[in-house]
Amino acid sequence: MLIEQENSVKININAFQHDLISWFKNEQRDLPWRKDQDPYKVWVSEIMLQQTRVDTVIPYFNRFIDWFPTIDDLADADEDKVLKAWEGLGYYSRVRNLQSAVKEVKEKYNGEVPNTPKEIAELKGVGPYTAGAILSIAYGIPEPAVDGNVMRVLSRILTIWEDIAKPSSRKIFEKAVRELISHEDPSSFNQALMELGALVCTPTSPSCLLCPVRDHCHAFFEGVQTELPIKTKKAKTRDVQLAAAIITDSTGKIVIHKRPANGLLANLWEFPTIELHHPIQNSREYAVNLFNQNHEFEIKLEQTIGQVDHVFSHLVWNMKVYTGTINAKFQETEEWKLVSFEEMKEYAFPVPYQKMFKLYQSL
DNA sequence: AAAGCGGGGCT
DNA sequence: AGCCCAGCTTT
(Lines give C-alpha, C1' and ligand atoms only; values in the text may rest on other atoms or scores of the structure.)
Protein backbone atom coordinates (compact mmCIF):
# COMPACT_ATOMS: atom_id res chain seq x y z
CA MET A 1 0.00 0.00 0.00
CA LEU A 2 1.43 3.34 -1.03
CA ILE A 3 0.43 6.76 0.14
CA GLU A 4 1.10 10.11 -1.42
CA GLN A 5 2.22 12.78 1.04
CA GLU A 6 1.66 16.44 0.38
CA ASN A 7 5.27 16.80 -0.65
CA SER A 8 4.99 13.87 -3.06
CA VAL A 9 7.01 11.45 -0.95
CA LYS A 10 5.85 7.86 -1.23
CA ILE A 11 6.14 5.35 1.58
CA ASN A 12 5.20 1.69 1.68
CA ILE A 13 3.25 1.90 4.89
CA ASN A 14 2.92 -1.78 5.72
CA ALA A 15 6.59 -2.50 5.14
CA PHE A 16 7.59 0.62 7.08
CA GLN A 17 5.43 -0.35 10.06
CA HIS A 18 6.79 -3.88 10.00
CA ASP A 19 10.45 -2.91 9.77
CA LEU A 20 10.10 -0.25 12.46
CA ILE A 21 8.10 -2.33 14.96
CA SER A 22 10.20 -5.48 14.46
CA TRP A 23 13.33 -3.49 15.20
CA PHE A 24 11.72 -1.97 18.30
CA LYS A 25 10.63 -5.35 19.67
CA ASN A 26 14.17 -6.68 19.34
CA GLU A 27 16.22 -3.66 20.31
CA GLN A 28 14.16 -1.61 22.76
CA ARG A 29 15.83 -0.62 26.01
CA ASP A 30 14.76 -2.26 29.24
CA LEU A 31 13.18 0.73 31.03
CA PRO A 32 11.34 0.73 34.35
CA TRP A 33 8.16 2.27 32.93
CA ARG A 34 7.96 -0.50 30.33
CA LYS A 35 7.43 -3.25 32.92
CA ASP A 36 3.66 -2.84 32.73
CA GLN A 37 1.06 -0.59 31.12
CA ASP A 38 -0.35 0.98 34.29
CA PRO A 39 -1.74 4.28 32.95
CA TYR A 40 -0.58 6.11 36.08
CA LYS A 41 3.01 4.95 35.63
CA VAL A 42 2.93 5.70 31.91
CA TRP A 43 1.64 9.17 32.79
CA VAL A 44 4.34 9.82 35.40
CA SER A 45 7.07 8.64 33.03
CA GLU A 46 5.83 10.82 30.18
CA ILE A 47 5.74 13.94 32.36
CA MET A 48 9.26 13.24 33.63
CA LEU A 49 10.53 12.64 30.10
CA GLN A 50 9.41 16.07 28.85
CA GLN A 51 12.61 17.83 27.78
CA THR A 52 14.57 15.34 29.87
CA ARG A 53 16.80 12.42 28.88
CA VAL A 54 15.94 8.82 29.64
CA ASP A 55 19.12 8.25 31.67
CA THR A 56 18.31 11.23 33.87
CA VAL A 57 14.73 10.11 34.45
CA ILE A 58 15.30 6.46 35.44
CA PRO A 59 16.34 6.97 39.10
CA TYR A 60 13.75 9.72 39.61
CA PHE A 61 11.01 7.48 38.20
CA ASN A 62 11.90 4.55 40.46
CA ARG A 63 11.97 6.69 43.58
CA PHE A 64 8.77 8.54 42.63
CA ILE A 65 6.84 5.27 42.15
CA ASP A 66 8.34 3.99 45.38
CA TRP A 67 7.10 7.05 47.28
CA PHE A 68 3.79 7.42 45.42
CA PRO A 69 2.83 3.98 44.03
CA THR A 70 -0.75 4.88 43.09
CA ILE A 71 -2.90 7.82 42.09
CA ASP A 72 -4.31 7.96 45.62
CA ASP A 73 -0.85 8.13 47.16
CA LEU A 74 0.15 11.06 44.97
CA ALA A 75 -3.19 12.84 45.35
CA ASP A 76 -2.93 12.72 49.15
CA ALA A 77 0.78 13.62 49.45
CA ASP A 78 2.13 16.90 50.82
CA GLU A 79 3.34 19.21 48.07
CA ASP A 80 6.68 19.71 49.81
CA LYS A 81 7.32 15.97 49.63
CA VAL A 82 6.23 15.88 45.98
CA LEU A 83 8.64 18.69 45.16
CA LYS A 84 11.37 16.87 47.10
CA ALA A 85 10.81 13.86 44.84
CA TRP A 86 11.35 16.15 41.84
CA GLU A 87 14.33 18.03 43.33
CA GLY A 88 17.02 18.48 40.70
CA LEU A 89 14.88 17.31 37.78
CA GLY A 90 13.86 20.81 36.70
CA TYR A 91 10.68 22.32 35.23
CA TYR A 92 8.99 21.99 38.60
CA SER A 93 5.58 23.11 37.37
CA ARG A 94 5.42 19.67 35.74
CA VAL A 95 5.02 17.93 39.08
CA ARG A 96 2.72 20.55 40.58
CA ASN A 97 0.46 20.19 37.54
CA LEU A 98 0.75 16.40 37.75
CA GLN A 99 -0.41 16.30 41.34
CA SER A 100 -3.23 18.71 40.55
CA ALA A 101 -4.35 16.53 37.62
CA VAL A 102 -4.07 13.35 39.68
CA LYS A 103 -6.38 14.88 42.25
CA GLU A 104 -8.85 15.63 39.47
CA VAL A 105 -8.66 12.04 38.22
CA LYS A 106 -9.26 10.77 41.72
CA GLU A 107 -12.33 12.91 42.24
CA LYS A 108 -13.84 13.25 38.78
CA TYR A 109 -12.92 9.89 37.22
CA ASN A 110 -12.98 7.66 40.29
CA GLY A 111 -9.22 7.25 40.13
CA GLU A 112 -9.17 5.90 36.56
CA VAL A 113 -7.03 7.79 34.05
CA PRO A 114 -9.47 8.77 31.27
CA ASN A 115 -8.99 7.19 27.85
CA THR A 116 -10.52 9.69 25.45
CA PRO A 117 -8.49 12.39 23.68
CA LYS A 118 -10.77 15.14 24.92
CA GLU A 119 -10.82 14.15 28.59
CA ILE A 120 -7.14 13.36 28.86
CA ALA A 121 -6.02 16.53 27.08
CA GLU A 122 -8.01 18.60 29.60
CA LEU A 123 -5.80 17.40 32.46
CA LYS A 124 -3.35 19.98 33.72
CA GLY A 125 0.13 19.52 32.27
CA VAL A 126 -1.06 17.10 29.58
CA GLY A 127 -0.49 18.62 26.14
CA PRO A 128 -0.78 17.11 22.67
CA TYR A 129 2.32 14.91 22.98
CA THR A 130 1.57 13.50 26.42
CA ALA A 131 -2.09 12.88 25.58
CA GLY A 132 -1.11 10.84 22.54
CA ALA A 133 1.60 8.99 24.46
CA ILE A 134 -0.75 7.89 27.25
CA LEU A 135 -3.57 6.99 24.86
CA SER A 136 -1.34 4.88 22.63
CA ILE A 137 0.99 3.31 25.22
CA ALA A 138 -1.46 2.69 28.06
CA TYR A 139 -4.64 2.12 26.05
CA GLY A 140 -3.54 1.05 22.57
CA ILE A 141 -5.40 3.90 20.87
CA PRO A 142 -3.89 5.05 17.52
CA GLU A 143 -3.22 8.70 18.38
CA PRO A 144 -0.04 10.55 17.33
CA ALA A 145 2.54 11.38 20.01
CA VAL A 146 4.78 13.90 18.31
CA ASP A 147 7.86 14.95 20.26
CA GLY A 148 11.25 16.20 19.16
CA ASN A 149 12.38 12.69 18.22
CA VAL A 150 9.37 12.06 16.02
CA MET A 151 9.76 15.38 14.20
CA ARG A 152 13.44 14.68 13.56
CA VAL A 153 12.85 11.10 12.37
CA LEU A 154 9.89 11.90 10.14
CA SER A 155 11.46 15.08 8.76
CA ARG A 156 14.21 12.81 7.43
CA ILE A 157 12.12 9.85 6.30
CA LEU A 158 9.60 12.06 4.49
CA THR A 159 12.00 14.96 3.72
CA ILE A 160 9.80 17.51 5.49
CA TRP A 161 11.54 20.91 5.33
CA GLU A 162 9.22 22.76 7.72
CA ASP A 163 10.91 24.60 10.61
CA ILE A 164 10.28 22.30 13.59
CA ALA A 165 10.86 25.22 15.96
CA LYS A 166 7.55 26.72 14.84
CA PRO A 167 4.53 25.60 16.93
CA SER A 168 2.44 25.23 13.78
CA SER A 169 4.75 22.53 12.40
CA ARG A 170 3.60 19.91 14.88
CA LYS A 171 0.32 19.56 12.98
CA ILE A 172 2.19 18.53 9.84
CA PHE A 173 3.86 15.70 11.72
CA GLU A 174 0.66 14.65 13.48
CA LYS A 175 -0.99 14.33 10.10
CA ALA A 176 1.89 12.21 8.87
CA VAL A 177 1.69 9.94 11.94
CA ARG A 178 -2.06 9.49 11.47
CA GLU A 179 -1.36 8.17 7.98
CA LEU A 180 1.56 5.97 9.01
CA ILE A 181 0.61 4.62 12.43
CA SER A 182 -0.06 0.91 12.96
CA HIS A 183 -3.61 0.29 14.13
CA GLU A 184 -2.62 -3.17 15.31
CA ASP A 185 0.09 -1.85 17.65
CA PRO A 186 -0.01 1.92 18.08
CA SER A 187 1.98 1.66 21.31
CA SER A 188 4.97 -0.02 19.69
CA PHE A 189 4.74 2.24 16.65
CA ASN A 190 4.89 5.49 18.62
CA GLN A 191 7.55 4.23 21.00
CA ALA A 192 9.57 2.87 18.09
CA LEU A 193 9.70 6.26 16.38
CA MET A 194 11.02 7.82 19.59
CA GLU A 195 13.41 4.94 20.32
CA LEU A 196 14.76 5.23 16.80
CA GLY A 197 15.30 8.95 17.30
CA ALA A 198 17.12 8.33 20.58
CA LEU A 199 19.32 5.42 19.47
CA VAL A 200 19.82 5.65 15.70
CA CYS A 201 18.34 8.73 14.04
CA THR A 202 20.21 11.10 16.35
CA PRO A 203 20.48 14.87 15.93
CA THR A 204 24.09 14.86 14.75
CA SER A 205 25.73 12.00 12.86
CA PRO A 206 22.78 9.59 12.62
CA SER A 207 23.70 5.91 12.30
CA CYS A 208 22.03 5.39 8.95
CA LEU A 209 23.97 2.20 8.23
CA LEU A 210 22.33 0.60 11.27
CA CYS A 211 18.87 2.01 10.58
CA PRO A 212 16.03 -0.51 10.25
CA VAL A 213 14.01 1.85 8.03
CA ARG A 214 16.85 3.18 5.93
CA ASP A 215 15.24 1.73 2.80
CA HIS A 216 12.18 3.91 3.48
CA CYS A 217 14.15 7.07 4.20
CA HIS A 218 14.04 9.75 1.52
CA ALA A 219 16.64 11.91 3.25
CA PHE A 220 19.11 9.01 3.18
CA PHE A 221 18.28 8.34 -0.48
CA GLU A 222 19.01 11.96 -1.30
CA GLY A 223 21.97 12.19 1.08
CA VAL A 224 20.49 15.09 3.06
CA GLN A 225 19.94 13.36 6.41
CA THR A 226 22.33 15.68 8.22
CA GLU A 227 20.59 18.78 6.83
CA LEU A 228 17.30 17.78 8.45
CA PRO A 229 15.40 18.73 10.48
CA ILE A 230 15.29 22.47 9.90
CA LYS A 231 15.27 24.23 13.25
CA THR A 232 15.73 27.97 13.80
CA LYS A 233 17.78 29.09 16.78
CA LYS A 234 16.28 30.64 19.85
CA ALA A 235 17.33 33.87 21.52
CA LYS A 236 20.24 33.65 23.91
CA THR A 237 20.05 34.01 27.65
CA ARG A 238 20.42 37.13 29.76
CA ASP A 239 22.50 37.51 32.93
CA VAL A 240 21.00 38.15 36.38
CA GLN A 241 23.21 39.31 39.25
CA LEU A 242 22.24 38.02 42.70
CA ALA A 243 23.56 38.06 46.25
CA ALA A 244 22.65 35.14 48.49
CA ALA A 245 23.63 34.28 52.04
CA ILE A 246 23.89 31.33 54.42
CA ILE A 247 22.51 32.95 57.56
CA THR A 248 22.81 31.19 60.91
CA ASP A 249 21.42 31.89 64.37
CA SER A 250 23.27 31.48 67.66
CA THR A 251 22.61 27.72 67.68
CA GLY A 252 23.88 27.14 64.15
CA LYS A 253 20.49 26.70 62.49
CA ILE A 254 20.12 28.07 58.97
CA VAL A 255 17.57 30.52 57.55
CA ILE A 256 15.64 29.23 54.55
CA HIS A 257 12.87 30.87 52.53
CA LYS A 258 10.06 29.44 50.40
CA ARG A 259 9.94 30.98 46.93
CA PRO A 260 6.66 32.42 45.58
CA ALA A 261 3.99 30.13 44.16
CA ASN A 262 4.46 31.46 40.64
CA GLY A 263 7.38 31.97 38.31
CA LEU A 264 10.88 30.57 38.37
CA LEU A 265 11.43 27.65 40.78
CA ALA A 266 7.97 28.19 42.25
CA ASN A 267 7.42 26.87 45.80
CA LEU A 268 10.96 25.56 46.13
CA TRP A 269 13.23 26.63 49.01
CA GLU A 270 16.20 28.95 48.86
CA PHE A 271 18.68 30.80 51.05
CA PRO A 272 17.95 34.52 51.45
CA THR A 273 18.58 36.11 48.07
CA ILE A 274 18.37 39.57 46.55
CA GLU A 275 18.76 40.71 42.98
CA LEU A 276 21.40 43.35 42.23
CA HIS A 277 19.72 45.37 39.53
CA HIS A 278 22.56 47.76 38.79
CA PRO A 279 26.31 47.25 38.54
CA ILE A 280 26.81 49.95 41.19
CA GLN A 281 24.92 47.72 43.62
CA ASN A 282 27.41 44.97 43.15
CA SER A 283 29.12 45.53 46.47
CA ARG A 284 28.98 43.98 49.91
CA GLU A 285 27.74 47.12 51.63
CA TYR A 286 24.90 47.47 49.21
CA ALA A 287 23.93 43.83 49.63
CA VAL A 288 23.72 44.27 53.39
CA ASN A 289 21.44 47.25 53.05
CA LEU A 290 19.22 45.55 50.53
CA PHE A 291 18.85 42.44 52.67
CA ASN A 292 17.76 44.48 55.63
CA GLN A 293 15.40 46.67 53.63
CA ASN A 294 13.56 43.65 52.33
CA HIS A 295 13.33 41.61 55.50
CA GLU A 296 11.70 42.20 58.86
CA PHE A 297 14.63 40.89 60.81
CA GLU A 298 18.18 42.21 60.82
CA ILE A 299 20.96 40.42 58.99
CA LYS A 300 24.66 40.86 59.50
CA LEU A 301 26.83 39.71 56.60
CA GLU A 302 30.17 38.40 57.80
CA GLN A 303 32.16 37.33 54.79
CA THR A 304 32.12 36.63 51.09
CA ILE A 305 32.80 32.98 50.47
CA GLY A 306 32.67 32.85 46.69
CA GLN A 307 30.56 32.84 43.58
CA VAL A 308 28.04 30.41 42.12
CA ASP A 309 27.04 30.58 38.46
CA HIS A 310 24.07 28.67 37.14
CA VAL A 311 22.66 28.41 33.62
CA PHE A 312 18.90 28.12 33.08
CA SER A 313 17.24 27.66 29.72
CA HIS A 314 16.47 31.38 29.42
CA LEU A 315 18.85 33.15 31.83
CA VAL A 316 22.08 32.90 33.79
CA TRP A 317 22.44 33.51 37.51
CA ASN A 318 25.67 35.01 38.85
CA MET A 319 25.38 34.65 42.62
CA LYS A 320 27.75 36.26 45.09
CA VAL A 321 27.67 34.10 48.19
CA TYR A 322 27.95 35.42 51.75
CA THR A 323 27.73 34.05 55.24
CA GLY A 324 26.04 35.94 58.04
CA THR A 325 24.03 35.91 61.25
CA ILE A 326 20.63 37.12 62.44
CA ASN A 327 19.60 38.83 65.60
CA ALA A 328 17.01 37.48 68.02
CA LYS A 329 14.15 39.27 66.28
CA PHE A 330 13.86 36.49 63.69
CA GLN A 331 10.52 34.70 63.82
CA GLU A 332 9.58 31.64 61.85
CA THR A 333 6.61 31.86 59.47
CA GLU A 334 5.19 29.69 56.70
CA GLU A 335 7.87 30.92 54.33
CA TRP A 336 10.75 31.77 56.64
CA LYS A 337 12.23 28.89 58.63
CA LEU A 338 15.22 28.05 60.76
CA VAL A 339 16.44 24.54 60.11
CA SER A 340 19.30 22.29 61.18
CA PHE A 341 21.56 20.45 58.73
CA GLU A 342 19.47 17.33 59.21
CA GLU A 343 16.15 19.13 58.70
CA MET A 344 17.40 20.68 55.46
CA LYS A 345 17.15 17.27 53.81
CA GLU A 346 13.36 17.52 54.01
CA TYR A 347 13.17 20.62 51.81
CA ALA A 348 13.52 20.82 48.03
CA PHE A 349 16.30 23.15 46.90
CA PRO A 350 17.02 23.95 43.25
CA VAL A 351 20.49 23.10 42.01
CA PRO A 352 22.04 26.60 42.27
CA TYR A 353 21.33 26.56 46.02
CA GLN A 354 22.67 23.02 46.30
CA LYS A 355 25.87 24.31 44.69
CA MET A 356 25.89 27.19 47.16
CA PHE A 357 25.46 24.91 50.16
CA LYS A 358 28.23 22.65 48.92
CA LEU A 359 30.50 25.67 48.68
CA TYR A 360 29.59 26.60 52.26
CA GLN A 361 30.33 23.09 53.52
CA SER A 362 33.70 23.03 51.78
CA LEU A 363 35.02 25.90 53.92
C1' DA B 1 3.55 33.43 17.82
C1' DA B 2 6.67 34.19 21.45
C1' DA B 3 8.32 33.84 25.99
C1' DG B 4 8.85 31.52 30.51
C1' DC B 5 10.25 27.47 32.62
C1' DG B 6 15.66 23.36 34.80
C1' DG B 7 19.22 20.89 34.40
C1' DG B 8 22.65 17.97 32.43
C1' DG B 9 25.34 15.85 28.75
C1' DC B 10 27.50 16.07 24.30
C1' DT B 11 29.94 18.38 20.56
C1' DA C 1 29.66 28.04 23.87
C1' DG C 2 25.88 26.18 21.79
C1' DC C 3 22.57 22.53 21.05
C1' DC C 4 19.48 19.05 22.46
C1' DC C 5 16.52 16.51 25.26
C1' DA C 6 9.71 11.33 25.19
C1' DG C 7 6.89 19.84 26.00
C1' DC C 8 3.34 22.67 28.44
C1' DT C 9 1.45 27.05 29.98
C1' DT C 10 0.92 31.81 29.85
C1' DT C 11 0.97 36.09 27.52
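Analyst: First a term: helices (H or I, at least four residues) and strands (E, at least two) are DSSP runs, numbered from the N terminus. Chain A has 15 helices and nine strands. This is a predicted model, where local features need pLDDT of at least 70, side-chain atom pairs count only at pLDDT 80 or more, and totals for chains, interfaces and linings use all residues. Residues are numbered from 1 along each chain as its sequence is written, chains are lettered from A and ligands numbered from 1 in the order in which they are written, and side-chain values use heavy atoms, with hydrogens and water left out.

User: What does the C-alpha trace of chain A span along its principal axes?
Analyst: About 80 × 50 × 30 Å.

User: And how many residues of chain A count as buried, in percent?
Analyst: Chain A has 363 residues, and 50% of them are buried. Buried means under 20% relative accessible area, exposed over 50%, and partly exposed in between (1.4 Å probe, protein chains only).

User: Switching topic. How many salt bridges are there?
Analyst: The structure has 14. A salt bridge puts a side-chain nitrogen of Lys or Arg within 4 Å of a carboxyl oxygen of Asp or Glu.

User: Which side chain does R34 meet in a salt bridge?
Analyst: That of E195, at 3.0 Å from N to O. The pair links distant parts of the chain, 161 residues apart. R34 sits in the loop between α1 (13–27) and α2 (39–48), and E195 in helix α11 (residues 186–199).

User: Is E195 buried or exposed?
Analyst: E195 is buried, at 2% relative accessibility. R34 is partly exposed, at 23%.

User: What about D76, which residue is its salt-bridge partner?
Analyst: K106, with the closest N and O atoms 3.0 Å apart. D76 lies in the loop between α4 (71–75) and α5 (79–86) and K106 in helix α6 (residues 93–108), so the pair ties together parts 30 residues apart in sequence. D76 is exposed at 53% relative accessibility, while K106 is partly exposed at 31%.

User: And which residue does E143 bridge to?
Analyst: R178, with 3.3 Å between the closest N and O atoms. E143 is in the loop between α8 (128–139) and α9 (148–157), and R178 is in helix α10 (residues 169–180), 35 residues apart. E143 counts as buried at 18% relative accessibility. R178 is partly exposed at 46%.

User: Which residues do shared partners join into one network?
Analyst: R29, R34 and E195, through salt bridges.
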